[in-house]
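Got a fold open in the viewer and wondering where the labels come from? Let's go through them one at a time.

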Amino acid sequence: MDLLQRVLHNENLSVQELSKLYEYDIFTLGEVAHQLRKERYEDKVFFNINRHINPSNICADVCKFCAFSASRKNPNPYSMSIDEILSQARRSYEAGAKELHVVSSHNPYYTYDWYFELFAEIKKAMPDIHLKALTAAEVDYLDRISHKGYQNVLEDMAKVGVDSMPGGGAEIFDEKVRSFICKGKVSSTRWLEIHQYWHSLGKMSNATMLFGHIETRENRIDHILRLRDAQSDSAIVQSKKGGFNAFIPLLYQRQNNFLNVQKFPSGQEILKTISIARILLPNIPHIKAYWATLGLNLAIVAQEFGADDMDGTIEIESIQSAAGAKSKSGASKEDLIAQIKDAGLRAIERDSLYNEIKEW
Ligand code: V47
């Protein structure tokens with residue numbers, strides 16, 4: 001049987017064997033991935049009305065790929081107050097945002113209690129907004145400064161009303177690459193443990209992978225397999241419903257950072273990565289083609305190569321745009337809808353847990 005058939009028959013294959021999936025031509029891989037996404041979602045493309053808020057860029061950690069944190073390449077440190085964050089959030093909420101995505105730096109001047117006061121105030125002012133907050137890297141950081149243990153940090157998050165966790169901080173799980181690109185950041189094992197504990201509380205989260213820098217194809221496959229295993233462990237262990245909702249391959253943006261990369265993936269390599277993710281992750285329901293890193297055009301094309309989601313309007317995007325992405329001012333709902341429909345696909349506004357709100 002050929003490799004693709006063996007994969008589709010759930011044969012247990014090694015990272016080395018699965019890396020050979022990249023040797024298929026783009027059309028064969030894309031067609032298989034597209035059929036898999038069509039079986040679940042037909043021609044639907046999901047998006048949401050969301051608002052990203054990044055409270056600060058002053059960071060105790062140094063990730064070589066990051067152009068967002070204040071450094072000599074981005075010498076503009078800022079820290080927002082709770083009132084500033086609330087007033088920005090309220091403005092977006094009143095304009096129709098249904099999700100707040102709050103991801104910050106590891107700011108040594110914010111205390112543990114500051115975060116929980118922020119979340120409590122957000123929930124008090126906007127009880128029905130979906131609060132997606134704190135990457136596993138931030139949870140690990142809060143554990144480091146509070147010595148509470150990540151389990152207690154996560155339980156405090158659930159208690160104060162954090163609804164789900166974003167997928168950031170995963171980068172690349174391979175320990176060697178990880179220690180080169182983001183030494184000192186949450187370890188791969190800990191990143192996975194944090195998400196699994198969150199899932200055991202009945203909560204959903206996302207999972208990212210930063211690709212297109214110094215990692216190999218094998219590193220990407222290894223990353224995807226670790227997520228697949230974690231998701232099936234979560235399903236076995238948990239009694240309540242929690243798990244990864246979406247896998248998000250984040251394409252590395254190259255400007256203003258300290259990772260000196262000379263070679264970048266081609267469009268085919270990017271699409272193959274998305275298709276392979278769909279093929280290897282039958283237990284993670286959604287594959288997000290995050291338009292802020294791919295650009296709107298490639299994110300639309302990716303919808304025919306296994307992806308089913310674009311992310312949302314974002315409004316203000318600071319992390320990828322600091323590294324050169326054209327996403328600083330988000331995208332209008334009208335533009336997202338038009339792009340999806342112009343491609344002959346169905347524009348489905350969703351909530352943060354992928355319940356369908358409206359077909360546009
Ligand atoms: O983990 C940093 C990435 C992530 C660069 O869960 C970069 O729905 C590309 O977590 N090029 C944070 N990426 C963003 C994030 C996220 C974004 C959108 C949706 C969701 C979700 C989560 O940004 C970090 C890091 O991997 N990042 N620098 C860069 N130069």
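**Cavities, cores and strands**

The structure, which is a predicted model, holds two cavities of 30 Å³ or more.

Q: What makes a residue part of the lining of the largest cavity, and which residues are the closest to its centre?
A: A lining residue needs an atom within 4 Å of a cavity point. For the largest cavity, with a volume of about 720 Å³, 43 residues line it, and Val-103, Gly-169, Glu-171, Ile-319 and Gln-320 are the closest to its centre. Elements that each supply at least two lining residues are α6 (136-146), β6 (204-211), β7 (243-251) and α14 (319-322).

Q: How do the residues in the lining of the largest cavity divide by class?
A: There are 18 nonpolar, 17 polar and eight charged residues. Gly counts as polar in this scheme.

Q: What is the volume of the second largest cavity, and which residues line it closest to the centre?
A: Its volume is about 90 Å³. Of its 14 lining residues, Lys-132, Asn-206, Asn-245, Ser-352 and Tyr-354 sit closest to the centre. Two or more residues come from each of β5 (164-165), β6 and β7, and β6 gives the most, with three. By class, this lining has five nonpolar, five polar and four charged residues.

Q: Why is Tyr-354 called buried?
A: The cut-off for buried is under 20% relative accessible area. Tyr-354 comes in at 10%, so it counts as buried. You'll find it in the loop between β10 (346-350) and β11 (356-359).

Q: What is Tyr-354 in contact with, leaving aside its neighbours within four places in sequence?
A: Contact takes heavy atoms within 4.5 Å. For Tyr-354 the list is Phe-46, Asn-245, Ala-246, His-286, Lys-288 and Asp-309. As for Ser-92, 262 residues apart from Tyr-354 along the chain, the two C-alpha atoms are separated by 20 Å.

Q: Is Glu-171 buried or exposed, and how do you know?
A: Buried: the relative accessible area of Glu-171 is 6%, against a cut-off of under 20%. Glu-171 lies in the loop between β5 and α8.

Q: What makes the phi of Glu-171 worth a look?
A: Most residues other than glycine have a negative phi. The phi of Glu-171 is near 50°, a positive value in a residue other than glycine.

Q: Where is Asn-10 found, and what makes it exposed?
A: Asn-10 is found in the loop between α1 (3-8) and α2 (15-19). Exposed means over 50% relative accessible area, and Asn-10 has 66%, so it counts as exposed. Its phi is positive too, near 60°.

Q: Why is strand β1 (residues 44-48) described as largely enclosed by the rest of the structure?
A: Because five of its five residues are buried. Both faces are covered, with Lys-44, Phe-46 and Asn-48 on one side and Val-45 and Phe-47 on the other.

Q: How do you know which strands pair with β1?
A: Pairing needs at least two bridges. β1 and β10 have four, in the parallel sense, with Lys-44 opposite Arg-346. Two bridges join β1 to strand β9 (residues 309-312), also parallel, and the β9 partner of Asn-48 is Gly-312.

Q: Which way do the residues of strand β2 (residues 50-53) point?
A: Asn-50 and His-52 point one way, Arg-51 and Ile-53 the other, and all are buried. β2 pairs with strand β3 (residues 99-102) in the parallel sense over four bridges, and the β3 bridge partner of Asn-50 is Glu-99.

Q: Which residues touch the most other members of the largest nonpolar core?
A: Of its 112 residues, those are Phe-119, Met-157, Trp-191 and Phe-247. A second, separate core has five residues, including Tyr-41, Phe-46, Ala-246 and Ile-348.

Notes. Residues numbered from 1 in each chain as written. Predicted model: local features only at pLDDT ≥ 70, side-chain atom pairs only at ≥ 80, totals over all residues. Heavy atoms only, no water. 1 Å grid on protein atoms, 1.4 Å probe; cavity = no way out; pocket = protein on both sides within 12 Å on 5 of 7 lines; lining within 4 Å. Points joined across faces, edges and corners; volume = space filled by probe spheres on them. Core = buried A, V, L, I, M, F, W, Y, C linked by side-chain atoms within 4.5 Å. Buried < 20%, exposed > 50% of the residue type's maximum accessible area, 1.4 Å probe, protein only.
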